[in-house]
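Reader: I am new to reading structures. Please take me through one, feature by feature.

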Amino acid sequence: MTKQQLINNILRKQSFLCVGLDTDVRKIPAAVAGDNDPVFAFNRAIIDATAPYCVAYKPNLAFYESLGAKGLMSFEKTVAYLRSRYPEMFIIADAKRGDIGNTSELYARTFFEQTDVDAVTVAPYMGEDSVKPFLRDGRWVILLALTSNKGSQDFQMTADADGERLFERVLKQSQSWAGDDRMMYVVGATQGRLFADVRRIAPEHFLLVPGVGAQGGSLEEVCQYGMNRQCGLLVNSSRAIIYADTSDRFAEAAADEARALRDEMSACLKKFL
């Protein structure tokens, strides 16, 4: 998917919502728990319920890999279902890969050739040669820059002798590897006004923003400091949507949560865009 296609989808749907498919088999409602593939059955129901209100989905690979081969099959079936039923959706493999070049090349083959996702999250720590294999035509790297977890302070905020923080160095250096048509950055919603610092360095890039909802990030604040003239945001919500209810009406509850968040996003687009 191109950058302009993603922008068009956001404007058409008045939403920049990404639904995180962090599907924990231990939390799957009884209504689908007895299915031959309960993870896929749950994902399919969530996707069908939330598709009118979002522009992207983000399966977190840890939840699938923890189940071995069967979990990976569920992941592949989920991607295939999205491709066949909702081809306009932007699909992110939240895998947080990043290794030496030849290993990264194989990871890129896995996600872009075997499962056909649009983007992969990648850790920048090992540098350019660990990231470049993912930079394929029509595909995206989503580079970890400033995350929402408590431990992000351990390294990402460390400053050098000139006062430049590590996340700022990542943003600056990585822009020599690819432009804003193939690279996005992960910036956690809990970082608040630091979005202004990110935008000072990367004004045109899309930002994938986790942390709204269960982690307490403010959508209004993210938009105030992080939205650019083309929106430039994909805001992810996982648990708050997919586990909104554990009864037989779990899909309906997920739709309600996604719709409410879409309505907030629509208001933010009108206010800040």
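Reader: Is Phe 250 buried or exposed, and what is its relative accessible area?

Author: Phe 250 is buried, because its relative accessible area is 3%. Buried means under 20% relative accessible area, exposed means over 50%, and partly exposed lies in between, with a 1.4 Å probe and protein chains only. Before we go on, note that this is a predicted model: local features need pLDDT of at least 70, side-chain atom pairs count only at pLDDT 80 or more, and totals for chains, interfaces and linings use all residues. Residues are numbered from 1 along each chain as its sequence is written, and side-chain values use heavy atoms, with hydrogens and water left out.

Reader: How many aromatic pairs does a search of the whole structure find?

Author: The general idea comes first. A pair of aromatic rings is described by the distance of the centres and the angle of the planes. Rings of Phe, Tyr and Trp (its six-membered ring) pair if their centres lie within 6.5 Å; planes under 30 degrees apart are stacked, over 60 edge-to-face, and the rest tilted. The search of the whole structure finds six aromatic pairs. One of them joins Phe 42 and Phe 250: the ring centres are 5.3 Å apart and the planes are at 15 degrees, so this pair is stacked.

Reader: Which helices hold Phe 42 and Phe 250?

Author: Phe 42 sits in helix H3 (residues 38–50) and Phe 250 in helix H13 (residues 250–272). Helices (H or I, at least four residues) and strands (E, at least two) are DSSP runs, numbered from the N terminus. Phe 42 counts as buried because its relative accessibility is 0%.

Reader: Why is the pair of Phe 90 and Trp 140 edge-to-face?

Author: Their planes are at 80 degrees, with the centres 6.2 Å apart, so the pair is edge-to-face. Phe 90 is in strand E3 (residues 90–97), and Trp 140 is in strand E5 (residues 140–146), 50 residues apart. Both Phe 90 and Trp 140 are buried. Elsewhere, ring pairs link Phe 40, Tyr 81 and Tyr 86 into a cluster.

Reader: In what order do the strands close into a barrel?

Author: Strands of a sheet pair through backbone hydrogen bonds, either parallel or antiparallel. Here eight strands close in the order E1-E2-E3-E4-E5-E6-E7-E8, and the pairing is parallel. Two strands pair if DSSP finds at least two bridges between them. E6 and E7 pair over two bridges. In E7, Leu 208 is the bridge partner of Val 186.

Reader: Which strands does H3 lie across?

Author: H3 lies across strand E1 (17–21) and strand E2 (56–59), and runs at about 170 degrees to E1. Axes are lines fitted to C-alpha atoms, for helices over the stretch in contact, and angles run from 0 to 180 degrees between N-to-C directions. Contact means heavy atoms within 4.5 Å. Helix H6 (residues 101–114) also packs on the sheet, touching E3, strand E4 (119–122) and E5.

Reader: Which residues of helix H11 are buried?

Author: An α-helix has 3.6 residues a turn, so residues three or four places apart point the same way. In H11 (residues 219–226), the buried residues are Leu 219, Val 222, Cys 223 and Gly 226. They fall within an arc of 95 degrees, so they line one face of the helix. The arc is that of the directions from the helix axis to the C-beta atoms. These buried residues pack against helix H10 (194–201), strand E7 (207–209), strand E8 (233–237) and H13. In H10 itself, six of the eight residues are buried, so H10 is largely enclosed by the rest of the structure.

Reader: How many disulfides does the count come to?

Author: A disulfide is a covalent bond between the sulfur atoms of two cysteines. The rule asks for a pair of cysteine sulfur atoms within 2.5 Å, and by this rule the count is zero. For Cys 223, the nearest cysteine sulfur is that of Cys 268, 3.7 Å away.

Reader: Where is Cys 231, and what is its phi?

Author: Most residues other than glycine have a negative phi, and most peptide bonds are trans. Cys 231 has a positive phi of about 85 degrees. Cys 231 lies in the loop between H11 and E8, and counts as buried because its relative accessibility is 0%.
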